[in-house]
Amino acid sequence: MKDLSILIMAAGKGTRMVSDHAKVLHPVCGVPMLHLVYRAAAAVEPNEIIIVIGQDADLVRASMEDRPARFVLQERQLGTGHAVMAARPALEGRSGDLVVLYGDTPRLKGATLRKLAGRHRESGAATTLLTTRPENPFGYGRILRDADGSVARIVEERDATPDQRSIREINPGCYCFRIDSLLTALDRLSDHNSQGEYYLTDVIAIQRDAGLRVEALPHEDFDELLGINTRAELAEAARALRLQKNLELMAAGVTMIDPERTYVDLDVAVDKDVTLHPMVTLQGRTSIGEGSTVRSGCRIADSQVGPGVEVCDCCVIAGSIIGSGSTVGPFARLRDGSRVGSRCRVGNFVELKKAVLGDGSKAAHHAYLGDAEVGRNVNIGAGVITCNYDGFRKHATIIGDGAFIGTDSQLVAPVRIGEGAYVAAGSCITQDVPPGALAIARGRQVNKPGWVARRKETGGGG
Ligand code: UD1
Ligand code: CA
């Protein structure tokens, strides 16, 4: 939108969260609240997005990565009005309008902001603000109207009389201001209130007293405008967004056995004909390819899975890639950039760390493959372990295509097993094995006939 900028306040500590971390960085379905507000703002295509930072300023700024924004520092957090004052240098001399938002309203939609700005422009008011009517208005600023129905002022919960507290119409904190009249009003703010803060909400009364017009735009959906002050509200917002995400996925062809118990972060992609069982958690930048199944108790983070993959129960998969048609688990752990090819099998109690498995390879039971590069169609027997750490450094194990590693073998890295080579069960391999060779590295078995009977005769002696 032309001549429109958006300011998001994100400097507060969020005392009611009882947290060492800035409130706006608390994630909702895997995405920090501030980023969700930013997305809504960006959808309006304003000239500029200004973010007021203060508490954990460096972290908040860093979290925005390369999202375009101008950051303004509010060194001491003296209230929401004070936060906008901190942006004065960025606003001075500008014409046009400024939408002001709080960084703690993660369900806000871009369409709502467009509607707000559109109404503001139509009416020509100095300020237009959204209002809404929750069942329980506790904690919000109440909208006081004049006899003629126009908005007179906003009174904060803590400053309100019992009568005012019974008003259900509240201030959700989405305003569109004409920049020049906002700056004039900010100069008149005072901190004479129960919290000793400069309230942005006082701008309304100041403008009305100056004879300016303030418009209210009632918004039906209070839930969208929910402000997060406590962990309980955080959970409530997350639950709603999660259900919405799950409904979208189901509409796009994903089966969920129990959508109320399936935890999919907002930025996760799931293709059609995927089945997600209860108590599955998909996090970060994960994608699940068409026709895959993820069974109960799995957590998959920042990983690409499928298509046609079966992840059996209780797997933990992070930062990894699993190729088409492979089977993983139950009880497998894949981490740190592991890459499993197509048609592989990674079975129960197998751990992969920075391991690459070529197409068609199998590690079906109880194995640890760390810093390993495994070729195609390799068979890793039960209990095989790469000894990748010597107490100082990590070393690589390289296994050629078609090799067979017998059960309970240890491969002491750095070591290379040639293409098609065999390692006999129970071997401790410390030297490279040439292609096509059989390596046996274990004590030779000795059988002593009649030994047990003789031992009984001597009563255990000799
Ligand atoms: C505010 C409104 C209240 C409204 C409610 C809607 C004021 C005075 N009150 O109250 O009318 O009903 O939001 O959710 O505006 N922040 C700063 N710097 C500060 C203080 C706050 O950047 O000095 C930021 C916070 O990081 C937060 C946002 O402003 O993102 C809102 O602050 P918060 O303390 O949550 O305001 P509420 O008490 O909820
Ligand atoms: Ca709030």
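Strands (E, at least two residues) and helices (H or I, at least four) are DSSP runs, numbered from the N terminus.

This is a predicted model: local features need pLDDT of at least 70, side-chain atom pairs count only at pLDDT 80 or more, and totals for chains, interfaces and linings use all residues. Residues are numbered from 1 along each chain as its sequence is written, chains are lettered from A and ligands numbered from 1 in the order in which they are written, and side-chain values use heavy atoms, without hydrogens and water.

**Exercise 1. Describe the surroundings of ligand 1.**

Step 1. Locate the ligand. Ligand 1 sits in the largest pocket. A pocket is found on a 1 Å grid over the protein atoms alone: it is an open set of points where a 1.4 Å probe fits, with protein on both sides within 12 Å along at least five of seven lines. To sit there, a molecule needs more than half of its atoms within 2 Å of the grid points.

Step 2. Count the shell. Ligand 1 is surrounded by 23 residues (a heavy atom within 4 Å). The closest are Gln-74, Thr-80, Tyr-102, Glu-156 and Asn-171.

Step 3. Sort the shell. It holds 9 nonpolar, 10 polar and 4 charged residues. In this sorting, Gly counts as polar, and Asp, Glu, Lys and Arg count as charged.

Step 4. Name contributors. Strand S1 (4-10) and helix H3 (80-85) each supply at least two shell residues.

Step 5. List polar contacts (N or O pairs within 3.5 Å) with the backbone. A polar backbone atom of Gly-12 is 2.9 Å from an oxygen atom of ligand 1. For Gly-79, the distance to a ligand oxygen is also 2.9 Å.

**Exercise 2. Where does Pro-307 lie, and which peptide bond joins Gly-306 to it?**

Step 1. Pro-307 lies in the loop between strand S21 (304-305) and strand S22 (310-311).

Step 2. The bond between Gly-306 and Pro-307 is cis, with omega about 15°.

Definitions and conventions. A polar contact is a pair of N or O atoms within 3.5 Å; within protein, one must be able to donate a hydrogen and the other to accept it, and residues adjacent in sequence count only if both atoms are side-chain atoms. On a 1 Å grid over the protein atoms alone, a cavity is a set of points where a 1.4 Å probe fits but cannot get out, and a pocket is an open set with protein on both sides within 12 Å along at least five of seven lines; lining residues have an atom within 4 Å of a point.
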